[in-house]
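Visitor: I'd like to learn how to read a domain interface. Can you walk me through one?

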Amino acid sequence: MHAVVLVGGFGTRLRPLTYSIPKPLLPVGHVPLVERAIETLVAGGVTEVTLALGFKPEPFMERFPDSTCAGAQLHYAVEPEPLDTAGAIAFAARHSGINETFVVANGDVLTDLNVADLVAFHRERGAQATIHLIPVDDPSQYGVVETEVDGRVTRFVEKPQPGDTTSRMINAGTYVLEPNVIDLVPVGARMSVEREVFPAIAATGRMYAMPADVYWIDAGRADTYLQANLDTINGNRRFKVPPVAESATVAPDALIENSIICAGATVEFGAKITNSVLLPGSYVATQSVVNQTTVMGRIDPCCKVANSMIGADGVVQAGSQIVDALIPDPAKVS
Ligand code: GTP
């Protein structure tokens, strides 16, 4: 089975990290985010993946030089300009000549969904398009979906206000589509799948949605990217990775608690790292205390850093105490 994975966004909410590495290639549990997303697809029967890329395709080709990822064969569809989600899906599907039922995944979403179950649900109902639904406590920032008992979609409510809907089921970003969905998107058109294509299909009665209350996180924000990493070591996923990579250098008396230390990262004597992610090549000097922070760059001695993101060019000067910071600050980067 073929899947299209959307990876063409700019990743502005993960700046400054995404200045040096495109969001889908940022590590989650030591491997690229997109590889974690593709692992789930492959477990559900996907064998071919077309990456719907918007810009900078080269780092992807370098990262997967044999054009395979998590056991799937990779294809690259590079849009001449951002086409939004439906435009990107149609562009990628045409690029790869997809002419059978296929899967679509948002490249930021990490989930333990059984994708084979979603495909079976779709086929049993003769659907044209089927969405995975996840329940959330507060749906106000998401696209809410209302359905009949059998899963037929009756209404979409984008970012509902209190009283707009009683549903707490949101679009979780994994879809099964019939190839004729592509025909609903004119060649080269910029269109949204959630706001334009799905409501049009729902109006014909062939749009379905399957609830599955499984592990799910949209890793595109600073807090959720950090959490997605910690979930790979804390037993929240169906797999577990070692928190400290073999090639990381960690001083014997450094304290590492609920944190990931990636390949080539260095933690010096007396440093304390809690609830954090030290990305490849990052450096934390002696006696520095780092909490709830993602580090790509350098933290000098005797700093206290909390709730921050330090990009590849970021340096926290010795003795600094910082909270809620982005270094370098994207607001000041031209
Ligand atoms: P932010 O800039 O931080 O909002 O991130 P983003 O640009 O990735 O946007 P968003 O998280 O809303 O995008 C959701 C998913 O769709 C991500 O996997 C994006 O890579 C992808 N995406 C968004 N717009 C496009 C597009 O025009 N083309 C392609 N190919 N993918 C897109």
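**Reading the interface**

Guide: Start with the polar side: between domain 1 and domain 2 there is 1 residue pair in polar contact, both at pLDDT 80 or more. A polar contact here is a pair of N or O atoms within 3.5 Å; within protein, one must be able to donate a hydrogen and the other to accept it, and residues adjacent in sequence count only if both atoms are side-chain atoms. By class, the domain 1 side that touches domain 2 has 8 nonpolar, 3 polar and 2 charged residues (Ala, Val, Leu, Ile, Met, Phe, Trp, Tyr, Cys and Pro count as nonpolar, Asp, Glu, Lys and Arg as charged, and the others, Gly among them, as polar).

Visitor: What kind of model is this, and how are residues numbered?

Guide: It's a predicted model: local features need pLDDT of at least 70, side-chain atom pairs count only at pLDDT 80 or more, and totals for chains, interfaces and linings use all residues. Numbering runs from 1 along each chain as its sequence is written, and side-chain values use heavy atoms, leaving out hydrogens and water.

Visitor: How many salt bridges are there between domain 1 and domain 2?

Guide: A salt bridge puts a side-chain nitrogen of Lys or Arg within 4 Å of a carboxyl oxygen of Asp or Glu. Between domain 1 and domain 2 the count is 0.

Visitor: And how do I read interface size?

Guide: It is often given as the accessible area lost when the parts come together. Domain 1 and domain 2 bury about 1000 Å² between them, 79% of it on carbon and sulfur atoms (1.4 Å probe, summed over both parts). Pro16, Leu17 and His30 supply 55% of the area that domain 1 buries against domain 2, more than any other three residues.

Methods. Buried area is the accessible area (1.4 Å probe) that two parts lose on being put together, summed over both.
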